[in-house]
Amino acid sequence: MAANPMTQFEVYRIGPEIKIGPFDISFTNASLFMIVSSLAILIIFNLGSKKNSMIPSKIQLLAELSYTFVSKMISDTAGSKAKPYFAFIFSLFMFVLFCNMFGMIPYTFTVTSHIIVTFVLAAFIFIGVTIIGFIKHGFGYLKLFVPSGVPIVLLPLIVIIEIISYLSRPISLSVRLFANMMAGHTMMKVFGGFVISLGIVGGWLPLSFSVALTGLEILVAFLQAYVFAILTCIYLNDALNLHH
Amino acid sequence: MDKKYFINLIFLNLFFSKEVFAAESGGMPQLDPEFWISQIFWLTFTFGILYLVLSKLILPKISANLELRKSQIQENIEAADKQREDSESKLREYDEIISKSKLDAKKIFKETREKALKDINLKKDTLDEQINEELKKAEIEINSLKKTAPEKINKIAIETSSEILKNLMGTEINNSSISAIVDDLSKKNERKYYDN
């Protein structure tokens, strides 16, 4: 069964079954890698912020560069009003990035390759952004669905399209990340399987493909985390600075 | 049959090939809702803790570190600016002193030159005056001599001639007659002696 390209996405229980009421919240391999990713983030950034030297050490530089990278990303896309949400977007970016990156290590589990995980994150962002929008602008936030400068004849159609696109945000956000991670890992597994099935004579071609794909997947892992964070910033920007 | 087994051994796919392509049975584990609740719970739990620790403990520290470094660099830049300004003002002062001393030197040179010229002129003037005076005196003397010379000569001539005549003749001769003769002669020769 190990060679099935989808078995790498299987969730299995580690330890005993834990139930709260009717809900099964057992500790699984997915939970393990969520905790591993979070711990890695906390350890790296704790080490990077512990000692403040005028000339930063490597780990401090890493932490500070990440900080300025995310803070610049937020100020570029959502402006200065998004400052209170910096910590959330920073955690989100780092969590997704580390989950993606840990998934690149062989025999690990990729947390973000599960639609339920990405969907929960995306739905939380969607609901949060909507609430922020309504708090900041009241019912004026509904103006988001009415773009200015559109002929009145087209307006009903545009409004419907805008509403559909707004409601599909959590789906597009979650499916983008989940599908990218799943497709990449499946493809790598398939090529890995080809290496073994073609053996020592013909296996070199899929092996070189696999190597190239690994590089590509590391890029994708970073890029998808970046895209996830930057789309969150853009949605936040819509809620904070109503431009329509 | 032996040949196929041999080929399989070479390509190592006797055992694996069945399993590689036996994937279609399971479908996507992601769509199996068995562990959805567990994943939601653990995601909320870990992400919540991650968010809390990052936002309350770690990010403020990083931000403070960055601010501190920024302010320190700013301070250093300001100190450097101040020192540069100081050195510039010192340089300006130095330049001023040099230009002032140059001006002073010029002034002193000019003054001494003027003074020397004045002195020279003064001395020249006094010398000129003195010379003129001397010249005038000399002229007056000459003139007076000129005036008195004929008379004296006449007198000497009269005296000597009277002496000579006395010696020659042994008698006193009237001086007035001799002087008349001498006057007559001297008048005749005056032009010859003094008009040059």
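What share of the contacts in chain A between residues at least 6 apart in sequence join residues at least 24 apart? The figure is 66%, where two residues are in contact if their C-beta atoms, placed from the backbone, lie within 7 Å. The structure is a predicted model, in which local features need a pLDDT of at least 70 and side-chain atom pairs count only at pLDDT 80 or more, while totals for chains, interfaces and linings use all residues. Residues are numbered from 1 along each chain as its sequence is written, and chains are lettered from A and ligands numbered from 1 in the order in which they are written.

The predictor assigns the complex an ipTM of 0.91 and a pTM of 0.72. For chain A the pLDDT (the predictor's confidence in each residue, from 0 to 100) averages 91, and 98% of the residues score at least 70. Chain B has a mean pLDDT of 81, with 83% of its residues at 70 or more. Its confidence is highest in helix 3 of chain B, at a mean of 90, and lowest in helix 2 of chain B, at 44. Residues 9-25 of chain B have a pLDDT below 50, yet this stretch has 26 contacts in the model beyond near neighbours in sequence.

Turning to the overall architecture, chain A contains 7 helices and 2 strands, taken as DSSP runs numbered from the N terminus (helices H or I, at least four residues; strands E, at least two). Along the sequence these follow the pattern β-β-α-α-α-α-α-α-α. The C-alpha trace of chain A spans about 65 × 55 × 45 Å along its principal axes. Chain B, in turn, has 4 helices and 0 strands. A residue is buried if 20 or more other C-beta atoms lie within 10 Å of its own, exposed if 12 or fewer, and partly exposed in between, with C-beta atoms placed from the backbone. Buried residues account for 36% of the 244 residues in chain A and for 8% of the 196 residues in chain B.

Not counting residues up to four places away in sequence, A:Ile89 touches A:Val70, A:Ile74, A:Ala229, A:Thr232 and A:Cys233.

Between the chains, 40 residues of chain B are in contact with 47 residues of chain A. On the chain B side, helix 1 (2-11), helix 2 (13-20) and helix 3 of that chain give two or more residues, and helix 3 of chain B gives the most, with 25. By class, this side has 27 nonpolar, 10 polar and 3 charged residues; Ala, Val, Leu, Ile, Met, Phe, Trp, Tyr, Cys and Pro count as nonpolar, Asp, Glu, Lys and Arg as charged, and the others, Gly among them, as polar.

A:Val11 lies in the segment before strand 1 of chain A and counts as buried because it has 22 C-beta neighbours inside 10 Å. Leaving aside neighbours within four places in sequence, A:Val11 is in contact with A:Thr28, A:Asn29, A:Ala30, B:Pro29 and B:Phe35.
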